[in-house]
2 protein chains.
Amino acid sequence: MAVTIKDIAKKVGRSVTTVSRAHNGYDDVSAATRELIEKTARELGYTPNTYAQRLQKQRSDTIGFIIPTFGPRFSDPFFSEFIAGIGNKASQLGFDVLVSTCAPGEEEMNVYRSKVEGKRVDGLIIIRTRQQDPRIQYLVQRGFPFVSFGRTRDNFDFPYVDEDSFYGMKLVVDHLCGQGHRRIACIAPPSDFNFGVDRLEGFIEGIRETGLSHHPKLIKIGDLTQRDGYRCTSELLDISEPPTAIVACNDLMAFGALRAVRERGLEVGRDIAVTGFDDIPMAEHADPPLTTVHQPIYQIGTMVCDMLIDLIVNSRLENSQIVLKPRLIIRQSSHPTV
Amino acid sequence: MAVTIKDIAKKVGRSVTTVSRAHNGYDDVSAATRELIEKTARELGYTPNTYAQRLQKQRSDTIGFIIPTFGPRFSDPFFSEFIAGIGNKASQLGFDVLVSTCAPGEEEMNVYRSKVEGKRVDGLIIIRTRQQDPRIQYLVQRGFPFVSFGRTRDNFDFPYVDEDSFYGMKLVVDHLCGQGHRRIACIAPPSDFNFGVDRLEGFIEGIRETGLSHHPKLIKIGDLTQRDGYRCTSELLDISEPPTAIVACNDLMAFGALRAVRERGLEVGRDIAVTGFDDIPMAEHADPPLTTVHQPIYQIGTMVCDMLIDLIVNSRLENSQIVLKPRLIIRQSSHPTV
DNA sequence: ATTGACTTCCAAAACGTTTTGGAATAGAAT
DNA sequence: ATTCTATTCCAAAACGTTTTGGAAGTCAAT
């Protein structure tokens, strides 16, 4: 049996109340007893029972994070970094992180409901927001604390951190135009993801602003995997007037593009430019190193976590809607002489 | 205020005992009352308070997983897949997963201790085992349930799943010898990881068995990152009689090697062979596709989780030490005509 | 009429903590 | 001597469940 507060109380000849209050730093405990209590607690190897505390305090000191897994062999490097950000910040603030996984779809809302209604978590972190996001609708409606990475097209008002994907894509297009490219293709994410729409719209707006005309043929939709980046690029290279630059909307698809290009005997950076989005660590080590839009995933993880805990503890949050201006990282995949 | 069992009891005019027993499927509740209770529970939107249950049952129905993060910008694709495996299996069995992060070192053991002694989790999953692993020593000593991915060189008896890295490396060396290579280099992991030692020893044994002599100069230690794979490969290519094949002990370092080789104007697969280990999804899409040893990370995650929960629930475990025979996946990085 | 078996129910204790609302004592001020 | 103020302590209730150890009622068999 584990050591409880009662054991300590018995040993030092005080009530459990006093022991509890000593532990929690109340000032109605004399210095002498406090020290005695602390000493015996250490000796006995006492650690408080979290569940009893939580039951009593009616708080779980836990935040939840439900990873949207797309198929079993998913392995988006994005997530491990994001989780590390959340995890480190949370433990720093004395919170636990409860991680679940669930594919978007039928079962998804049940998972969310059970976490919220079973009071297992004090708040949730949402990622990969959709244009109309049922998760957000549900949480807003219930008034349950959450912070999301990503906005939606709903008219709900809620706290989020997001990157200005629209702006980021314009940076990419501007850069490519500056390099003399005139036929620029885009491999866009599926439009159910909100960032997918942002990025595509940013691309189109970038093209428009530079005075180029926009060819629907030069836009493909990929599912964010390398495989699909490869497929889309192959298709793009097969059309009659193939593009001279390919803008992939995430790094993974850009990697697929690199391969497709090289398979045709073309040299990336010289014959054709390829760019990504996210700047995952591997982007720097791609061959050639990938021009991409930097997203500080780890920091975003810590920010989102920080905001959520702030919201939980203070029941309100200033500066609750943050949009980060991204940076363009120019490497050789779009600029051979860098 | 949330709905409790008391509210239901009051509403249906029964005791809380009966309501509780109805919920838990005891047979001393009449069909009529059971139905009534279920109906009102649904109407009132009742969900049990997990913390109260856990306090009472003295079980947390939670398993813990502490990610060893090596620096903030870590992003090993390995982890997201592994977590998905754990997460899906756990939720399938009604368990929660509590994720923390902690760099190996000073603080690490405190994190483990607090999880164990605070009774927040019923069991732990350990990964990236070291030769002498203090975490395992601690858990074995305390008799706390855990399952690890990876063995140690300690003399402790504990449940694990591991891949036969030794055998896997021999497969690689055999294959390369069969391709006619005679000067084969190895980029080994740091020796504090147990799998690092296994892999290096497998390499050396493979070389020995094929009757080649083993050149200490052809062995480099890399820190598992792409950057270090690049560095080690560059060094290897600079020696007077450079190797014709480079065996990296994980895929990430192999990617770095690919780049270093290509930068010298050599063609991977034709002029020089490169192999990896792990078969992360990206390996298939590398350029050229990477010959590597397959590790079913997702499945290993589910296996480990399954075993742990089995151990928790039944307090024992048959078949508790599993070593998987790996498969060699031959792709073009070592075999241009595949 | 008693006994026994079966069905259906429940009061109270327990899990380990925190919080509430004082009580007891000592010393200082009147 | 009385009142006031600090200081130090604590009993009991509460958080929401499950489990223990019966109790009460019904029915059939004796």
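Modeller: Happy to! A:N319 lies in the loop between helix 13 (297-314) and strand 11 (321-324) of chain A. Helices here are DSSP runs of H or I with at least four residues, strands are E runs of at least two, and both are numbered from the N terminus. This is a predicted model, in which local features need pLDDT of at least 70 and side-chain atom pairs count only at pLDDT 80 or more, while totals for chains, interfaces and linings use all residues. Residues are numbered from 1 along each chain as its sequence is written, and chains are lettered from A and ligands numbered from 1 in the order in which they are written.

What draws the eye to A:N319 is a positive phi of about 55 degrees, although this residue is not a glycine. As background, most residues other than glycine have a negative phi, and most peptide bonds are trans. Chain A has a cis peptide bond as well, joining A:D287 and A:P288 with omega at about -5 degrees. A:P288 sits in the loop between helix 12 (281-284) and strand 10 (292-294) of chain A. In chain B, the bond from B:D287 to B:P288 is cis, with omega near -5 degrees, and B:P288 is placed in the loop between helix 12 and strand 10 (292-294) of that chain.

Moving on to the sheet of chain A, four strands form an open sheet in the order 7-6-8-9, with parallel pairing; two strands pair if DSSP finds at least two bridges between them. Strand 7 (219-221) and strand 9 (273-275) of chain A are at the edges with a single partner strand each, so one side of each has no neighbour in the sheet. From one strand to the next the twist averages 15 degrees. Strand 6 (residues 184-188) and strand 7 of chain A pair in the parallel sense over three bridges, and A:I187 stands opposite A:K220 of strand 7. Helix 11 (residues 251-263) of chain A lies across strand 6, strand 8 (245-248) and strand 9, and runs at about 160 degrees to strand 9. Axes are lines fitted to C-alpha atoms, for helices over the stretch in contact, and angles run from 0 to 180 degrees between N-to-C directions.

Now for helix packing in chain B. Two packed helices are described by the angle between their axes and the distance between the axes. Helix 1 and helix 3 (residues 31-44) of chain B pack at about 125 degrees, with axes 10 Å apart. That angle makes helix 1 of chain B oblique to helix 3 of chain B; angles under 35 degrees count as roughly parallel, over 145 as roughly antiparallel, 65 to 115 as roughly perpendicular and the rest as oblique. Their crossing is right-handed, a term for the near helix being turned clockwise from the far one by less than a right angle, with anticlockwise giving left-handed. B:D7, B:I8, B:K11 and B:V12 of helix 1 make the contact with B:L36, B:I37, B:T40, B:A41 and B:L44 of helix 3. Contact requires C-beta atoms, placed from the backbone, to lie within 7 Å. These residues divide into six nonpolar, one polar and two charged. Ala, Val, Leu, Ile, Met, Phe, Trp, Tyr, Cys and Pro count as nonpolar, Asp, Glu, Lys and Arg as charged, and the others, Gly among them, as polar.

Next, the contact between the chains takes 51 residues from chain B and 50 residues from chain A. Helix 5 of chain B gives the largest share of the side of chain B that touches chain A, nine residues. By class, that side has 22 nonpolar, 17 polar and twelve charged residues.

Finally, the DNA. 27 residues surround DNA strand D, the closest being A:S15, A:D28, B:I5, B:S20 and B:A52; near means a C-beta atom, placed from the backbone, within 6 Å. The surface near DNA strand D has eight nonpolar, 14 polar and five charged residues. Around DNA strand C there are 27 residues, of which A:T4, A:I5, A:S20, A:A52 and B:D28 come nearest. The surface near DNA strand C has eight nonpolar, 14 polar and five charged residues.

Conventions. Two residues are in contact if their C-beta atoms, placed from the backbone, lie within 7 Å.
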